[in-house]
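Could you walk me through this model?

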Amino acid sequence: MKLLLLLLRLGLNLVCGHAEEASFERGNLDVDKLNGDWFSIVVASDKREKIEENGSMRVFMQHIDVLENSLGFKFRIKENGECRELYLVAYKTPEDGEYFVEYDGGNTFNILKTDYDRYVMFHLVNFKDGETFQLMELYGRTKDLSSDIKEKFAKLCVAHGITRENIIDVTKTDRCLQARG
């Protein structure tokens, strides 16, 4: 009986310890809490040229709008040295927690981890002309995040088959913040 109580207490401590992160389990995402301003922190892809300077997927998040059965994304891209604003709407698919958006091909994505107040991690699969690639993005509520969160993201990228060489911290680049109002 004492052993059972000890195991229950240990389990409760582990659960409480993880509650601080407030991460969610698949299907338990409260998308309303994603509404608001966000900053691009780190991007990763198994097709690096897509996230390098002038790559079509090198986007700089500004704001997420929670809409009915969809999410609106306001972001900037840099083309020919100029920052340009884009707004895309992603629609829920029949798959739990999955969204679809048309941008440089078709894209399905889901949210892997978030604590709503500091960061959100996205995983996206792009398909165009019979080819696919993965994109992962880390957004923060502030202009930068701790190295612990960035490392957690990097490990998640590696777990999805994206090498560390294909992970780019964009906090030291021009993220078109000067145009942000």
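Here is a tour that starts with the pocket, moves on to the rings and ends with some individual residues. Keep in mind that this is a predicted model.

Let's begin with open space. Rolling a probe the size of a water molecule over the atoms shows where empty space is left. The largest pocket holds about 220 Å³ of it. Sorted by class, the lining comes to 5 charged, 4 polar and 3 nonpolar residues.

Now for the rings. A pair of aromatic rings is described by the distance of the centres and the angle of the planes. The count here is 7 aromatic pairs. Take Tyr99 and Phe109: their ring centres are 5.5 Å apart and their planes meet at 15°, and because planes under 30 degrees apart count as stacked, this pair is stacked. Tyr99 sits in strand β6 (residues 98-102) and Phe109 in strand β7 (residues 106-114), so the pair ties together parts that are 10 residues apart in sequence. Are these two residues buried or exposed? Tyr99 has a relative accessible area of 4%, so it counts as buried, and Phe109 is buried too, at 5%.

Compare that with Phe100 and Phe127, whose rings lie 6.2 Å centre to centre with 35° between the planes, a tilted pair. This one links distant parts of the chain, with Phe100 in strand β6 and Phe127 in strand β8 (residues 119-128), 27 residues apart. Phe100 counts as partly exposed at 28% relative accessibility, and Phe127 is partly exposed as well, at 38%.

Back to Tyr99 and Phe109 for a moment: ring pairs link them with Phe73, Phe122 and Tyr139 into a cluster. Another ring worth a look is that of Tyr116, where the charged end of Lys33 sits over the ring, 5.1 Å from its centre.

Next, the backbone. Most residues other than glycine have a negative phi, and most peptide bonds are trans. Asn69 is not a glycine, yet its phi is positive, about 60°. You'll find Asn69 in the loop between β3 (59-67) and β4, and at 52% relative accessibility it counts as exposed. Asp104 also has a positive phi without being a glycine, in this case about 50°. Asp104 belongs to the loop between β6 and β7.

Two more stops to finish. Thr171 lies in the segment after β10 (167-169) and is buried, with a relative accessible area of 13%. What does the side chain of Thr171 make a polar contact with? The partner is the side chain of Asp169, at 2.6 Å. Finally, go back to strand β4, where Lys74 is found. Lys74 counts as partly exposed, at 29% relative accessibility. Its C-alpha atom is separated by 9.5 Å from that of Trp38, a residue 36 residues apart from Lys74 along the chain.

How values were computed. Residues numbered from 1 in each chain as written. Predicted model: local features only at pLDDT ≥ 70, side-chain atom pairs only at ≥ 80, totals over all residues. Heavy atoms only, no water. 1 Å grid on protein atoms, 1.4 Å probe; cavity = no way out; pocket = protein on both sides within 12 Å on 5 of 7 lines; lining within 4 Å. Points joined across faces, edges and corners; volume = space filled by probe spheres on them. Nonpolar A, V, L, I, M, F, W, Y, C, P; charged D, E, K, R; others polar. Phe/Tyr/Trp six-rings, centres within 6.5 Å; stacked < 30°, edge-to-face > 60°. Helix = DSSP H or I, 4+ residues; strand = E, 2+ residues; numbered from the N terminus. Buried < 20%, exposed > 50% of the residue type's maximum accessible area, 1.4 Å probe, protein only. Lys NZ or Arg CZ within 6 Å of the ring centre and 35° of its normal. Polar contact = N/O pair within 3.5 Å; in protein donor to acceptor, adjacent residues only side chain to side chain.
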